[in-house]
Amino acid sequence: MSALLEATEKALELLISGDEALWQIIAISFKVSGSAILIATPPALLIAFALAYLRFPGRRVLVSLFSTLLSVPAVVVGLTLYLLLSNRGPLGDWRLLFTQSAMVVGQIALAFPILVAMGHAALQSADKRAWETARTLGASPLRAFFVVIRETRFGLLAALLAAYGRIIAEVGASMMLGGNILNYTRNIPTAIALETSKGEFAQGIALGAILLLLAFTLNGLLHYVQGKGVQMS
Amino acid sequence: MSYRHIFVRIFSLLLIALSALQFSVAQAGEPQQVIRLATTTSTDNSGLLQALLPHFEKSSGYKVHVIAVGTGKALRMGRDGDVDVVLVHARKAEDKFVKEGFGERRFSVMYNDFVLVGPADDPAGVRGSRDVGDAFRKIARHKAPFISRGDDSGTHKKELSLWKKAGVKPEGQWYREAGQGMGKVLQIAGELGAYTLTDRGTWLAYQEKLPLRIAFEGDPLLFNPYGIIAVNPKLHPHVNHDGAMALIRWMIGKEGQTRIAAFTLHGQQLFKPDAKADEVALLKP
Amino acid sequence: MKPEYHLQVSQLCKSHGRRLILNEVEFSLPKGSCTLLTGENGAGKTTLLRILASLEKPDRGRLRLAEQSWQPWRKARRMLQQRVMYLHQHPYMFDGTVEYNLRFALGSRVPQRDAEPLIEKALRLIGMESFRKTSARTLSGGERQRVALARAWLRSPQVMLLDEPTANLDYESRQRTLELLQRLRNDGMTLVIASHDPLHFEGLTEQRLHLQAGRVEAVELNMNPATQPANVILMRRDYA
């Protein structure tokens with residue numbers, strides 16, 4: 001018990017004193033996951049939109065494919081991408097393995113199904129009249145598309161938060177693809193894994209606290225946003 | 001213009017954006033100043049590399065990305081050309097790696113030794129054994145819990161060869177493979193009151209936090225040499241071979257060796273520099 | 001005098017899956033006329049209106065708009081988009097203020113300076129000046145209907161199609177809507193109103209199309225609607 005207290009005390013000290021190594025790790029986490037979300041969102045939204053608004057052969061198959069992908073474990077995603085990105089793999093020439101880009105790719109792969117599936121659900125529930133009304137009022141298809149996005153913004157934001165929550169806390173794919181390189185690809189979850197394996201619980205706890213705080217914040221936002229979404233309709 | 005048109009339009013825009021991104025990634029992807037070093041958890045977790053590498057980075061201008069895994073995985077990464085240089089401790093596997101042409105040449109860097117650690121009360125009575133084979137046989141006879149790395153690391157390989165030398169086939173409830181790094185395995189052994197084989201470096205780093213003691217040490221069989229090998233550029237032309245050689249030259253050169261000797265943990269020297277004069281001479285321009 | 005036709009439709013067919021909704025529909029809308037479209041539920045009223053509003057594509061058929069024939073559908077659609085407005089039975093309000101909803105109809109190309117008087121005019125038209133900053137989603141059915149009418153009016157269409165504009169409205173809201181329709185008609189706009197309650201529109205409409213089993217069954221002509229109230233101000237949207 002005293003060991004736990006001691007480690008917690010040290011963790012607080014690390015957080016408050018602005019320990020550089022610690023904040024570097026946190027910065028990397030946010031940078032990588034932020035980029036992944038930024039890159040993944042536009043195409044994911046488009047696919048979600050296509051699934052909700054277009055009728056084309058194979059649509060149902062795609063819908064169920066994306067909801068199946070939701071449940072693929074991160075480690076499997078990591079392994080698959082590792083084999084693809086390894087120098088021996090088909091994408092080895094991109095030289096991405098053990099870089100931040102590889103982590104971004106891995107997190108995109110993890111975020112994408114969530115964004116598509118939840119985005120699809122949100123857009124599906126949107127009123128078809130939104131698109132029609134915008135079009136009859138002279139909006140270009142592009143403007144009408146953004147109108148639909150605007151009208152479903154709370155549902156889409158919920159998808160975004162859920163996806164972000166998954167990738168910021170994910171350890172398996174980041175560890176495999178990034179290699180846990182200090183000051184480069186060591187993010188919060190991989191650092192926690194490493195520090196615990198080294199018996200350095202203080203830093204593990206400090207980082208864990210950040211993740212917990214983040215999880216609570218994201219969840220709170222999610223509830224708020226979903227509540228908003230319900231209110232709107 | 002309907003959904004379909006707009007979809008095609010936006011999608012092609014995105015493809016263009018993505019390919020531009022891919023291009024910029026390819027451009028910035030691998031600056032030649034980065035050296036990717038695959039090494040064992042023992043060198044990284046002990047803090048040795050963090051004590052050495054900043055000096056190398058400062059004098060050479062290179063940046064070293066350390067990927068700490070088991071020896072087996074490190075060699076595999078070298079074989080696949082996913083890293084530029086490997087620093088490992090599994091002599092047999094290293095020689096095979098070089099012989100098969102994946103690496104150019106193995107250079108001796110340093111050594112430390114393995115120690116057998118176990119619960120303070122030494123339930124198998126290992127303390128005072130004649131040699132390491134004797135100690136291992138006693139553990140097996142008492143069916144005292146033993147945690148194996150079980151991860152194809154250098155330490156794991158060493159442990160397996162020692163069981164073989166002892167003439168014991170380790171199997172049964174008492175023998176457990178953890179599949180984890182050294183530090184984790186020490187923690188598990190501590191929690192379960194088990195014996196395990198560890199490199200001295202990790203042991204020194206952890207001993208304070210563990211209820212374990214050294215049960216046996218000092219047998220020459222427990223000698224643990226580290227070798228550094230640059231990945232063969234003929235096989236993988238993209239590797240940063242110049243960087244790898246610069247790192248090797250520094251590690252086995254005067255500054256690297258002095259700093260290895262000077263590195264201490266809890267007041268104890270962990271690694272003994274072990275560069276061979278003839279190998280150093282090979283690298284002189 | 002031969003009446004000038006605004007929109008002429010012939011041989012219009014449309015099926016949903018295997019079900020034939022519209023079967024060789026033919027009719028004409030004289031310029032500036034007001035037409036009542038009746039028929040039982042599922043007779044194809046809404047489908048017909050949606051085709052005329054270019055929201056659905058007919059299987060085949062001919063279309064003459066402003067004495068010009070439009071083929072193929074792609075061209076016809078563009079024409080329809082520019083000249084025909086369609087009002088849902090339950091108009092959709094964008095998530096925003098009444099002003100935002102009205103401003104939407106003007107598009108982003110009309111600068112704010114020019115939009116301002118138009119929006120004011122539209123609000124005055126429907127008598128909802130005080131609702132300008134109200135969230136459109138909080139309006140009652142009748143208020144939504146009027147905002148939707150004003151929003152459509154801002155597009156200055158030549159033809160306006162209304163799907164059950166008085167359904168589910170209380171007496172007062174209905175009267176206000178009818179009054180508005182009368183104004184639009186006096187303005188020279190061609191109107192088509194789909195409704196179950198022909199009585200509501202007595203005196204406003206001069207022809208009645210009855211849809212039955214996908215066909216126009218009866219055309220009643222009544223070329224002499226109630227005399228226009230003298231006090232109706234002519235409202236015309238001008239791009240000053």
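Which residue of chain A meets the side chain of B:D80 in a salt bridge? The side chain of A:R88 does, at 3.8 Å from N to O. A salt bridge here is a side-chain nitrogen of Lys or Arg within 4 Å of a carboxyl oxygen of Asp or Glu.

## Before you start

This is a predicted model, where local features need pLDDT of at least 70 and side-chain atom pairs count only at pLDDT 80 or more, while totals for chains, interfaces and linings use all residues; side-chain values use heavy atoms, with hydrogens and water left out. Residues are numbered from 1 along each chain as its sequence is written, and chains are lettered from A and ligands numbered from 1 in the order in which they are written.

pLDDT is the predictor's confidence in each residue, from 0 to 100. Chain A averages 88, and 97% of the residues score at least 70. Within chain A, helix α5 (residues 100-125) has the highest confidence, at 94, and helix α1 (residues 2-16) has the lowest, with a mean of 81.

## Where chain A meets chain B

Let's go back to that opening pair and look around it. Here 40 residues of chain A are in contact with 37 residues of chain B, contact meaning heavy atoms within 4.5 Å. The two chains bury about 3,300 Å² between them, and 62% of that is on carbon and sulfur atoms. (Buried area is the accessible area, taken with a 1.4 Å probe, that two parts lose on being put together, summed over both.) On chain A's side, A:L46, A:R88 and A:R95 supply 18% of the area buried against chain B, more than any other three residues. So A:R88 turns up both in that trio and in the salt bridge with B:D80, under the salt-bridge rule given above.

The rule finds 1 salt bridge across this interface. It also finds 6 residue pairs in polar contact, both residues being at pLDDT 80 or more. A polar contact is a pair of N or O atoms within 3.5 Å; within protein, one must be able to donate a hydrogen and the other to accept it, and residues adjacent in sequence count only if both atoms are side-chain atoms. Helices α2 (20-53), α6 (128-136), α7 (141-151) and α10 (188-198) of chain A each supply at least two residues of the side that touches chain B. Of the elements involved, α2(A) gives the most, with 8 residues. By class, this side of chain A divides into 24 nonpolar, 9 polar and 7 charged residues. For these classes, Ala, Val, Leu, Ile, Met, Phe, Trp, Tyr, Cys and Pro count as nonpolar, Asp, Glu, Lys and Arg as charged, and the others, Gly among them, as polar.

## Where chain C meets chain A

Chain A has another partner to look at. 20 residues of chain C are in contact with 17 residues of chain A. Chain C and chain A bury about 1,800 Å² between them, with 53% of it on carbon and sulfur atoms. C:Y92, C:D95 and C:F104 supply 37% of the area that chain C buries against chain A, more than any other three residues.

There are 3 salt bridges between chain C and chain A. C:D95 forms a salt bridge with A:R153, with the closest N and O atoms 2.7 Å apart. Helix α3 (residues 98-106) of chain C gives the most to the side of chain C that touches chain A, with 3 residues. That side has 9 nonpolar, 6 polar and 5 charged residues.

## Inside chains B and C

Chain B has 12 helices and 12 strands. These are DSSP runs numbered from the N terminus: helices are H or I with at least four residues, strands E with at least two. Of the 285 residues in chain B, 55% are buried, where buried means under 20% relative accessible area, exposed over 50% and partly exposed in between (1.4 Å probe, protein chains only). One to find is B:T71, in helix α4 (residues 71-79) of chain B. B:T71 counts as buried because its relative accessibility is 0%. Leaving aside neighbours within four places in sequence, its contacts include B:T40, B:V88 and B:D152.

Chain C has 6 helices and 10 strands, and 52% of its 240 residues are buried. C:E99, C:E116, C:R132 and C:K133 are linked in a network of salt bridges.
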